[in-house]
Amino acid sequence: MRNQQFAGAPKKGGPRVNRDIRETEVRLIGADGDNVGVVDIRKAMDMARDAGLDLVEVSPNVSPPVCKILDYGKFKYEQQKKASAARKKQKTVEVKEIKMRPNTDVHDFNVKMKKVHQFIEKGDKVKLTIRFRGREMAHQELGMEVLKRVEEEMKEDAKIEARPKMEGRQMMMILGPK
């Protein structure tokens with residue numbers, strides 16, 4: 001018997017259980033899942049205690065609130081399993097960075113573009129960075145031309161999330177999957 005839980009303090013973030021339920025009447029769903037109907041809270045608690053289970057408020061925002069007779073520990077465990085399954089299905093998008101120079105040669109450019117294609121196909125974002133050193137800062141249009149070539153080559157597979165812009169000695173652009 002689980003009488004010690006009937007005197008429990010309110011649980012933060014979870015549904016109200018047993019004596020934490022403040023309503024006078026509740027719509028009750030029995031331990032076997034059938035609808036008992038609208039009953040007095042004391043009668044509902046007695047039925048839960050007789051079954052050796054807990055009275056859990058599953059839908060507090062309706063009038064009268066819906067309560068269910070069930071094993072609260074098992075209920076919490078199943079909710080945790082559902083939440084962890086939902087987290088497993090989520091895809092975290094990473095930002096991969098590809099660094100180039102304004103005078104990157106054709107073959108090197110093609111190798112880097114192959115990597116950009118792979119990252120975009122996996123669903124990751126790609127941050128392209130053109131680094132300027134010394135006198136290259138006077139010819140920022142060369143870096144812009146490289147990023148325009150990337151944009152032209154990737155227009156079917158990716159969308160531009162951040163247009164090319166200068167940040168200090170670097171010009172950067174961010175691509176994301178379509």
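Guide: Strands β7 and β8 (residues 170-177) pair antiparallel over seven bridges; two strands count as paired if DSSP finds at least two bridges between them. Helices (H or I, at least four residues) and strands (E, at least two) are DSSP runs, numbered from the N terminus. Within this pair, I160 has L175 in β8 as its bridge partner. The model is predicted, with local features needing pLDDT of at least 70 and side-chain atom pairs counting only at pLDDT 80 or more, while totals for chains, interfaces and linings use all residues. Residues are numbered from 1 along each chain as its sequence is written, and side-chain values use heavy atoms, leaving out hydrogens and water.

The pair belongs to an open sheet of four strands, ordered β5-β6-β8-β7, with mixed pairing. Its edge strands, β5 (95-100) and β7 (158-167), each pair on one side only. On average, neighbouring strands of this sheet are turned by 20° against each other, direction ignored. Axes here are lines fitted to C-alpha atoms, for helices over the stretch in contact, and angles run from 0 to 180 degrees between N-to-C directions.

Helix α3 (residues 106-122) packs on the sheet and touches β5, β6 (125-131), β7 and β8, where contact means heavy atoms within 4.5 Å. The direction of α3 makes about 170° with that of β5. Helix α4 (residues 140-154) also lies across β5, β6, β7 and β8, and runs at about 10° to β8.
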